[in-house]
Amino acid sequence: MPNNSSLDGGKSFSRPINDRVIFVQVLVAVLLSINFVLIATFFMKETFYTNMRYILFANALFSDCINLIITDLLLIFIYFSVPLQTWSCLIFFIVSSLYNYVTPLTLTAMVLERYVAICMPMRHAELCTTRSTFHLILTIHCISAVPCVVVISIFSASSTLAFYTSRRICSVEMFILHKWQGHLRSAISQFYFLMMCIIIVFSYVKIMKVAKAASGENKKSTWKGIRTVILHSFQLTLCLIQLWCPFIEAAVLQIDYMLFINVRYLNYITFILAPRCLSPLIYGLRDDLFFQAVRYYALCGLYKKQQSC
């Protein structure tokens, strides 16, 4: 079948550049530009890079940038059916798989940080130090690496040396050599999905209880925290659904290769690009302190000079 030879035999066919490809490239370029501005702003003020909330935000932005670049390259390679040597596909897979989990785990940590800030305000400064934040980020990366290590370990034990030098269309499916590997990968993703959902629901319920009991300024601050948690939850939901996309795409691939490409494109827009649009919204626009800093540095200080005139 043509679809199998395209993926397994390294054969390629040319496709014209259409509006969808141009749209994705423009959107990715815009998102990367915004994220680079936000990351640069983060390093401009000590207030940001000594605060757990903003450090985790920067980590999410960094993860988003890497994910956008890698997934966009893979999307282009698949769309134009560009075959690569398996060892290079392996590098793409490792990075992509790692940061597929880093972003949702970081968002989960940000929800927990809001829970501590609202429900345990007296211990927030003690628990959310800069040192503990970097330990948390390291832990996030270690946990994110587990699914990738499992898949690569089984793949390395089952594949031959010649397989690494063969040319193929890059896809995660090429590293799943046995059916039970797919089931194991699915089980790990579902476990991560369940754990993150439990943490979000737990945090939301606890914050809601505090919000109902709060009054005055505390109530206003608490409800703002709830809105932030809701946005994080929506963003995280899209990221978690992304973990299911490979299994949907693998099933579609068995039906038709062109349908597989179209489904992957739709998933890319909905579950990879859309959640990355929310990060600048949640902190770049809704957070007053960060928004003022972004506006100041983006306008090279002109806004502040105009205000003082």
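How many of the 34 residues of α5 are buried? The count is 28, so helix α5 is largely enclosed by the rest of the structure. Buried here means under 20% relative accessible area, with exposed over 50% and partly exposed in between (1.4 Å probe, protein chains only). Helices are DSSP runs of H or I with at least four residues, numbered from the N terminus.

The model is predicted: local features need pLDDT of at least 70, side-chain atom pairs count only at pLDDT 80 or more, and totals for chains, interfaces and linings use all residues. Residues are numbered from 1 along each chain as its sequence is written, and side-chain values use heavy atoms, without hydrogens and water.

A nonpolar core is a set of buried Ala, Val, Leu, Ile, Met, Phe, Trp, Tyr and Cys residues joined through side-chain atoms within 4.5 Å. The largest one has 71 residues, of which Phe42, Phe93, Phe175, Tyr268 and Phe290 touch the most other members. Helix α5 gives the largest share of this core, 16 residues.

Aromatic pairs come next. Rings of Phe, Tyr and Trp (its six-membered ring) pair if their centres lie within 6.5 Å; planes under 30 degrees apart are stacked, over 60 edge-to-face, and the rest tilted. Phe42 and Phe43 make an edge-to-face pair, with 4.9 Å centre to centre and 75 degrees between the planes. Phe42 is buried, whereas Phe43 is exposed. The pair of Tyr54 and Phe290 is stacked, because the ring centres are 5.9 Å apart and the planes at 15 degrees. Tyr54 lies in helix α4 and Phe290 in helix α13, so this pair ties together parts 236 residues apart in sequence.

Key. Helices (H or I, at least four residues) and strands (E, at least two) are DSSP runs, numbered from the N terminus.
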